[in-house]
Amino acid sequence: MSAQHHAVPAPVGGPLLNRTTFIAGLLIALMAAIVLYRFIFGLASVTNLSDGYPWGLWIVVDVMIGSAFACGGFSVAMLVYIFNKGEYHPLVRPALLASLLGYTLAGASVIVDIGRWWNVWNMYWPWSANPNSVMFEVAVCITAYVAVMWIEFAPVFLEKLGLKDIKKKLNRFLFVIVALGTLLPMMHQSSLGTLWVVLGSQVHPLWQTPFVPVLFLLTAIIMGYAVVLFESCIASSAYRRSIEVSLLNPMAKIMLGVVAAYLAVRLGDVIFRGVIGRSFHLSLEGVMFWLEMACFVAPFLIIGTESQRRNPARLFVAGILLMLGGSLLRINGFLIAYDTGAGFTYFPALPEILVTMGMFATEVLIYVVITRRFPVLPREA
Amino acid sequence: MQQASFIHETNRAADAVERRLQISRREFLQFCSGVAATLGLPAGAEAAIAQAVEAAKRPSVIWLHFQECTGCSESLLRAEHPTLEKLILDIISLDYHETLMVAAGHQAEKARKDAMAANKGKYVLVVEGAIPTKDKGIYCKVGGHTAVDLVKECAADAAAVIAIGSCASWGGMPATDPNPTGASSVGEVLGKPVVTIPGCPPSPYNFLATVVHFLTFGKLPATDKLGRPLFAYSRLIHENCERRAHFDAGRFAMEFGDEGHRKGYCLYKLGCKGPETYANCPTLGFGDVGEVSWPVGCGHPCFGCSEKGVGFAKPIHAMAKMLNVAPPLQYARIVEEQGKGATFASAAALAAIAGAAAGGAAMLTRNLGMSHKAEELEKTQDKAGKNKAEV
Amino acid sequence: MSSRRDFLKGALAATGAMVGAGATPVHARDTYSRPPEAMGLLYDATLCVGCKACMAACKEANNNPPEFNTVDKLWDTPLDTSGYTFNIIKMYRNGTMETKDAEVNGYAFMKTSCMHCADPSCVSACPVSAMIKNPVNGIVEYNPDKCIGCRYCVVACPFGIPKYQLDDPLGRIGKCELCRHRHKDGYYSACAEVCPTGATLFGRTEDLLAEAKRRLALKPGTVTKFPRGRLRPATERMLQGQADGKGEKHRHGWRDEPDQIYEGTVGKYVQHVYGEKEYGGTQVLKLSGVTFEKVGMPNLPPYSSAATSETIQHSLYGGMLMPIAVLGALTWVAKRNVKPDDDSGEQS
């Protein structure tokens, strides 16, 4: 590996109030109003959740897909600290920031969505918690991971605040934090998939499989890298910086490797269980299955070769496609291919959609504020 | 013009009846209204009835009694509107009735034969009681003739045959297992369908309304397969029972005298046969003291006295079979479409977001592609320049 | 050169972790069975006349408000179970709907309420033990004081039973609990208590299963005795009537009531007791004249999805062995790669 010249991370600077942050602010205000209404009048007053679809947009998108998008930190940290690919170091902080925000807001979305939020401490209380429950493991893991990430990200704040001594002390134990920060997402991201095992035949056979934890783990890793591609392109474009194609190119190659492994498991499982035939029915499930597959296969055509990977436009599109593919896996399993057998339909309500947009807007706003004022992105050479 | 003459005719009829029967016009018109109501006829029918009653030439009625307890006649005696002796005996000419007529013996039989001959083809035959058929019908003889022979003889020239009471309608109590006398219904003996007014006893108004319908319209009212007039026997008792709400809410009396029984709860668990018995007892009641004067209203389960196969056949406390189970249309189906789908606003919002995202992504892709192309071009130019320089 | 070695080391650590997972004895968690004193219901659809007395009684016993789904909003007309409707009778319709319990051109009724499974998916799903299965009588009990309202039990249940009160900001889950709040006073399930035909029968599931099998063995059209209310086992009938000087409640713990056995005709059954083996068995059993799947009872295998889900969880996380092993490997690798003097922003 040739030595890369890495710029020291530094605040981007610039005004905090611009078109993006202004719109984000509006969406957040709207979201806050709707969330307040929800807490006063109940979930049915702002969502289209029903007896047949108790989980809707907020759980599947805000929590599950949101947290999967937030796997950039996990994927990049794994590259840097476990596989010792030090050249990706500059990507760590921005990815970590996106992760941090993604997971914290996923947690916030959970609090907004659950009906008896004042009892949530029971999940951590040994005399109430049910260790057999997949959800218990997901919740405890995510809570621990959020704490780990804030600690992992703390050096950024410590740097800005000039607290060098504390930062040094923290650095001595960073490797433990990093190890935890790699283990915990593996646990809860896979378990987010295991959640649907107990649903039994309510989930269509094209999705219901005991291998679902592997599928979710692999897609989480893939989405992590895809999000890094996506955000790198957008951040560079927004901040008028050059894109580190030299970093993204080989990372994308690793990502494709994981995609290949994922496709092998996914298609192998569906064929081995003898249900692949159902995907050829002209049904909603059949169409969604192949749409999902297409999102994972297309990147091989878009960034399959070395020269293709040098084109940031192609990297960007591939990133989007993989984010979409991973999202579809989750949406399909929990919403579209989910049937309680009782004739229910579901489509998110407008306030529901606005809250989701508000959550993502919050991430964008805080990301912008922190990257502009704190040392996260590498200083341009 | 037509309407005016109609009213005039009705008034004239009422006046005639008043003179003849010494009852007030008001009482008479009330009677006609009552009959019209019982028959379920539309408004205005009472006027037609009034005219018919006045104009009718007191049709002859032959009333035969066989294996019976005379309860049906007794029930008729207790009618209030009209009282039997005042109106019906004058509206119809009851030419033969073993309980009510004064004559007896040979004179009675001769009166019957004379009436039958004089009104050949026009008299109404009413039969009360079952007809024994075993051993050539010797178990019931009147004036030396068996019931079987008598009923056949009298029915031959009758304009209409009405079987009153469960015994005449389908065999009733005498036909209870093992039925040693071979008690049979009028219809079975005559081999043809007749009008039946089952009940033990039936409400007198079921019979009276049927007869007056015949007088007014010249034909008997619409009946079901068993010959029962639909106006009285088309509904199950269960459908009109005043305790139905208790059944639907699951409030039952379990034993006579328990709390539920004292509160007037449903008697289904005590064996009420209302759910499989067709009659109008809950609607009319008995004895003209209001709707509640019927067995269930008094706290005893209905035993299905008017229904063949139920009354005198099923034990009183045996559970009734629910005949009319047809649920209402809004009964929840196995799968009901529910849930909230897309509204215009939410679909539009999602489409807008998707559109904006796609648009933004497309633009960024294009920009990235363009800048990449420019970079590549620069690189090849540089290379070319370098090569040139090296040369 | 060294980084490639490190890369391989890291890859090896990960592979080792996955193999470790495979090598851990995957002790499949067996599907649970019903406890010996399990209590439940027997619903015989051929006896049901759709009177809905059980629905009215359930609403009253649980203080639930009526649900309106017709224009006039006069009667309680729920379309399905909900946070406020714990029991509903639904109607199967086909063609002309002439004959009761006929699958073609007929109609039939089916009761929908909690099945009190032997291996409940909701109990496995609930992260805070708000849904638990009573170890003695097997009733699946709900505790709103622990519930966080996550609705995982709602998605997990194969019968779609637990439902959340979405319209209430302080909403809770609602489902049948076999009227356990009345048991201490000697009253059993209200639905069984009021059923006029004995279509819903309360009792020990063991006895109910025997009764169900007895009915399946009879020839349709023959006359037999049907109990109503609570099914008393033979031993109890022997003891009944014997004074015990204790007042109202006798040995069996339920209030005395007259024996409501009656004679009726046997219907034509589908030869299957639903709930005998499905997902390990349920405590509410059903008999029907129409194929069960057509009346809303799903076709379930004898092994429960709770067992499958927990097997996966236990294999991966049992005793935290694998996570700790993986953490150990990761920590070792990370320590090597995260230099102590690393300023977390620069790397030489």
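At what angle do helix α5 (residues 134–161) of chain A and helix α6 (residues 164–172) of chain A pack, and how far apart are their axes? In this predicted model, the two helices meet at an angle of about 160 degrees, and their axes are 9 Å apart. Because angles over 145 degrees count as roughly antiparallel, α5(A) is described as roughly antiparallel to α6(A). The crossing of α5(A) and α6(A) is left-handed. On the α5(A) side, the contact is formed by A:Ile151, A:Ala154, A:Pro155, A:Leu158 and A:Glu159, while α6(A) contributes A:Ile166, A:Lys167 and A:Leu170. Classified by residue type, this contact of α5(A) with α6(A) comprises six nonpolar and two charged residues, with no polar residues.

The largest nonpolar core has 167 residues. Within this core, the residues with the most contacts are A:Trp196, A:Met251, A:Met255, C:Met131 and C:Tyr152. Helix α8 (residues 212–238) of chain A supplies the largest share of the core, namely 15 residues. When residues up to four places away in sequence are not counted, C:Tyr152 touches A:Trp55, A:Ser133, A:Val134, A:Met135, A:Thr194, A:Leu195, A:Val198 and A:Leu199 of chain A, together with C:Ala125 of chain C. A second, separate core consists of 75 residues, among them B:Cys266, B:Ala320, C:Ala57 and C:Met91.

Two loop residues were also considered. A:Trp117 is located in the loop between α4 (89–113) and α5 of chain A. Its relative accessibility is 34%, so A:Trp117 counts as partly exposed, a class that lies between the limits of 20% and 50%. Apart from neighbours within four places in sequence, A:Trp117 is in contact with A:Arg38, A:Phe39 and A:Ile111, and with C:Ile148 of chain C. A:Phe39 lies 78 residues from A:Trp117 along the chain, and the C-alpha atoms of the two residues are separated by 9.9 Å.

In chain B, B:Ser185 occupies the loop between β8 (183–184) and α9 (186–190). B:Ser185 counts as buried because its relative accessibility is 6%, and the buried class covers values under 20%. With neighbours within four places in sequence left aside, the contacts of B:Ser185 are B:Cys167, B:Ala168, B:Ser169, B:Trp170 and B:Gly171. B:Val35 is 150 residues from B:Ser185 along the chain, and 27 Å separates their C-alpha atoms.

Technical notes:
Residues numbered from 1 in each chain as written. Chains lettered and ligands numbered in written order. Predicted model: local features only at pLDDT ≥ 70, side-chain atom pairs only at ≥ 80, totals over all residues. Heavy atoms only, no water. Axes fitted to C-alpha atoms, helices over the stretch in contact; angles between N-to-C directions. Helix = DSSP H or I, 4+ residues; strand = E, 2+ residues; numbered from the N terminus. Parallel < 35°, antiparallel > 145°, perpendicular 65-115°, else oblique. Left-handed = near helix turned anticlockwise from the far one by under 90°. Contact = heavy atoms within 4.5 Å. Nonpolar A, V, L, I, M, F, W, Y, C, P; charged D, E, K, R; others polar. Core = buried A, V, L, I, M, F, W, Y, C linked by side-chain atoms within 4.5 Å. Buried < 20%, exposed > 50% of the residue type's maximum accessible area, 1.4 Å probe, protein only.
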